[in-house]
Amino acid sequence: VASVQSALDVSSKYYQKQQLIKQVKGRIATLTDEERAVLKQMLAGVPNKNMATVMDIGMRTVDRRRQAVFTKMEVSTIAELATLLNSASIDLETLE
């Protein structure tokens with residue numbers, strides 16, 4: 001009985017992980033290419049001012065795209081965003 005329960009627990013955790021990965025990938029799919037570029041810069045720790053310079057866009061545009069990333073990914077902070085992507089086993093290369 002214990003081994004059956006253990007197998008069910010493992011199966012349940014695997015299913016939950018797969019559901020999380022599916023949800024996160026769905027959220028990433030809603031991002032525009034520009035928002036994905038900002039997301040990568042955010043995760044790399046690039047300051048907004050540097051993002052604006054490198055991407056040749058204004059600071060307000062960076063701010064709007066950052067806010068869009070937070071909204072679409074359903075997080076409030078970069079730490080939450082990084083934790084979400086990490087828990088779904090998604091890295092920067094996967095975002096392309």
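Reader: Which residues does Arg-66 touch, not counting residues up to four places away in sequence?

Author: Arg-66 touches Val-38, Met-42, Asn-48, Met-51 and Ile-78, where contact means heavy atoms within 4.5 Å. This is a predicted model, in which local features need pLDDT of at least 70 and side-chain atom pairs count only at pLDDT 80 or more, while totals for chains, interfaces and linings use all residues. Residues are numbered from 1 along each chain as its sequence is written, and side-chain values use heavy atoms, with hydrogens and water left out.

Reader: What is the place of Arg-66?

Author: Arg-66 belongs to helix H4, residues 59–73. Helices are DSSP runs of H or I with at least four residues, strands are runs of E with at least two, and both are numbered from the N terminus.

Reader: Why is Arg-66 said to have no salt bridge?

Author: A salt bridge requires a side-chain nitrogen of Lys or Arg within 4 Å of a carboxyl oxygen of Asp or Glu. For Arg-66, the nearest side chain of opposite charge is Asp-63, 5.1 Å away. Arg-66 is therefore buried yet without a salt bridge. Lys and Arg count as positive and Asp and Glu as negative, whereas His and the chain ends are not counted.

Reader: How many salt bridges does the structure hold?

Author: The structure holds three salt bridges. In one of them, Arg-27 pairs with Glu-74, with the closest N and O atoms 3.4 Å apart. That pair links distant parts of the chain, since Arg-27 lies in helix H1 (residues 2–29) and Glu-74 in the loop between H4 and helix H5 (78–87), 47 residues apart.

Reader: What makes Arg-27 count as buried and Glu-74 as exposed?

Author: Buried means under 20% relative accessible area, exposed means over 50%, and partly exposed lies in between (1.4 Å probe, protein chains only). Arg-27 has 17% relative accessibility, so Arg-27 counts as buried. Glu-74 has 57%, so Glu-74 counts as exposed.

Reader: Where do Asp-33 and Arg-36 lie?

Author: Both lie in helix H2 (residues 33–43), three residues apart, about one turn of the helix. With a relative accessible area of 59%, Asp-33 is exposed; Arg-36, at 17%, counts as buried.

Reader: How many helices and strands are there in the protein?

Author: There are five helices and zero strands, and the pattern along the sequence is α-α-α-α-α.

Reader: Why is the protein called more spread out than a compact globule?

Author: The radius of gyration, taken over C-alpha atoms, is set against the globule rule of 2.2 Å times the number of residues to the power 0.38. The protein has a radius of gyration of 17 Å, well over the 12 Å that the rule gives for 96 residues, so the protein is more spread out than a compact globule. Its C-alpha trace spans about 60 × 25 × 20 Å along the principal axes. Of the 96 residues, 28% count as buried.
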